[in-house]
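Please keep the sequence and the structure in view while reading.

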Amino acid sequence: MLKLSGSNLSGHDVVRAVRQGWVISLDTAQLEKVAQARELVLRLLESGSPVYGINTGFGKLSETSISRESVAELQRNLILSHSCGVGEPFSGEVVKAMIILRANALMKGHSGIRPEVIRLLIELVNQNVVPVVPSKGSVGASGDLVPLAHMSAVLIGEGEAYYRDQLLPGAKALERAGLAPVALEAKEGLALINGTQAMTAQAVLALYDSDILLKSADVAGSLTMEALRAIPHALDERVHALRPHQGQILVAANLRRLLDGSRLVHGSDHGRIQDAYSLRCIPQVHGATRDAYKYVEEVINTEINSVTDNPLLFPAEGHVVSAGNFHGQPVALALDFLGIALAELGNIAERRIERLVNPQLSGLPPFLTESSGLNSGYMIAQYTAASLVSENKVLAHPASVDSIPTSANQEDHVSMGSIAARKLGSILANVQNVAAIEILCACQALEFRDRSAMAPATRAVYELVRSVVPPLEEDRVLAGEIKVVRDLIVSGQVLKAAESTAGELD
């Protein structure tokens with residue numbers, strides 16, 4: 001069970017809740033604070049004073065007064081008018097994470113929404129009602145208005161949703177789940193859509209999967225180091241103590257543990273003084289990506305426990321404040337940063353793949369096949385890796401450096417955080433595939449080495465891969481094998497195999 005209070009929620013817990021089907025509940029004591037903020041909304045309505053989004057229009061229309069009789073219609077119209085997204089729908093995982101994150105923000109008690117609306121929101125997750133939310137349409141300021149409107153439309157019986165994998169009109173999906181739509185009241189539509197939860201939902205999923213990928217990349221690098229009989233001196237603890245970036249120190253320690261007991265890298269005559277950068281600088285490059293990851297994780301965990309709508313209510317003082325917490329710039333910059341960092345993880349892995357398949361660099365059979373010429377071996381697998389990392393160089397261009405005015409220039413600077421989030425997902429998937437290709441190539445290269453001299457940790461990974469992919473003796477279709485190994489990485493099985501002997505990696 002995952003209990004939401006508006007505080008102390010971690011992104012990893014959100015992902016586990018979504019993927020493992022945890023029941024979502026609400027902190028009872030915190031709901032009292034939610035109710036207090038709602039009472040302030042009612043007092044403001046009674047006063048007749050103009051308050052943005054409660055008895056005024058939105059954006060450029062904020063100077064338009066709305067009558068007391070029309071405030072509920074205003075909120076419904078807000079959801080309907082903002083449901084104008086395009087593109088492929090988000091996955092069910094992203095949508096469920098959006099719902100959990102929006103509910104958690106509303107639980108802070110500064111948004112003026114009724115507790116029963118939050119309860120209905122989390123029941124969508126508990127009853128497996130998944131709104132259809134198009135992936136494109138947000139500019140990442142004033143919140144992720146468009147995707148959150150599509151999410152919220154189902155609450156009022158509009159839009160579409162999947163119920164038990166069947167696509168239905170929103171009202172019908174609620175009915176099948178034993179739920180009833182809600183009639184939104186003053187401020188509630190705005191409270192639902194004024195937030196950064198579309199970009200942060202994608203962020204928490206990407207962070208979770210990146211955590212596994214970062215450690216798996218160390219595993220892949222250690223396999224390649226054995227296959228190429230790398231010189232281990234570059235992993236010397238004393239070296240990294242002299243440049244004490246935390247990520248660099250952690251990666252060097254991981255590699256030392258992964259290669260512990262390897263006679264392919266330790267105690268052998270390498271015939272050269274030092275290795276190429278893609279081997280020698282794994283701690284520095286992988287480590288820098290680790291440091292970027294830690295920064296982004298901190299930003300996202302702060303964001304998911306924040307209030308990101310407008311206006312904000314302060315019940316204790318009886319105040320309402322219009323401000324800009326909906327602006328996605330902190331998240332947008334962080335997600336661009338992680339995209340760049342993951343792209344570099346792929347770049348250095350692709351260079352190691354090239355060293356594995358190139359006989360002039362590896363001392364191994366050309367393209368890791370004994371009958372080269374008749375067979376192409378892993379020649380084109382390296383092409384695929386090259387294609388993926390080159391695509392990532394395009395995707396890594398920051399979305400957050402762009403802005404375009406909206407709402408008749410009232411909203412004249414936006415973050416593009418939702419675009420940064422989508423690009424990050426694509427980069428992550430590409431690097432997972434590059435890591436799979438590196439592991440496949442390293443395992444094939446080890447067919448030409450003394451595998452009895454492998455480290456216990458790398459041998460465990462080799463055996464896992466060989467349980468699903470046999471050695472390449474003659475050309476065959478490799479696409480399915482890349483997918484199989486990618487699935488082993490994404491599921492954490494590669495990491496688990498390595499850690500079965502090396503212990504938990506940092």
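## Terms and basis

A residue is called buried when its relative accessible area is under 20%, exposed when that area is over 50%, and partly exposed in between (1.4 Å probe, protein chains only). Helices are DSSP runs of H or I with at least four residues, numbered from the N terminus.

The model is predicted: local features need pLDDT of at least 70, side-chain atom pairs count only at pLDDT 80 or more, and totals for chains, interfaces and linings use all residues. Residues are numbered from 1 along each chain as its sequence is written, and side-chain values use heavy atoms, with hydrogens and water left out.

## Helix 20

Helix 20 spans residues 493–502, and its buried residues are Val494, Leu495, Ala497, Ala498 and Ala502. These residues lie on the same side of helix 20 because they cover an arc of only 160 degrees around the axis; the arc is taken from the directions from the helix axis to the C-beta atoms. On the face turned away from the buried side are the exposed residues Lys496 and Ser500.

The cover over the buried residues of helix 20 includes helix 9 (197–227), helix 11 (246–258), helix 17 (417–445), helix 18 (456–466) and helix 19 (479–490). Just after helix 20, Gly503 has a positive phi of about 85 degrees.

## Helix 16

Helix 16 (residues 379–395) has 17 residues and reaches 25 Å from its first C-alpha to its last, close to the expected 24 Å. The expected span is 1.5 Å times one less than the number of residues.

The buried residues of helix 16 are Ala381, Gln382, Ala385, Leu388, Val389, Asn392 and Leu395. They fall within an arc of 140 degrees seen down the axis, so they line one face of the helix. The face turned away from this buried side carries the exposed residues Lys393 and Val394. Helix 14 and helix 17 are among the elements that cover the buried residues of helix 16.

## Ser210 in helix 9

Ser210 is found in helix 9 and is buried, with a relative accessible area of 0%. Leaving aside neighbours within four places in sequence, Ser210 is in contact (heavy atoms within 4.5 Å) with Tyr293, Leu338, Leu342 and Leu428.

Note on methods
Helix = DSSP H or I, 4+ residues; strand = E, 2+ residues; numbered from the N terminus.
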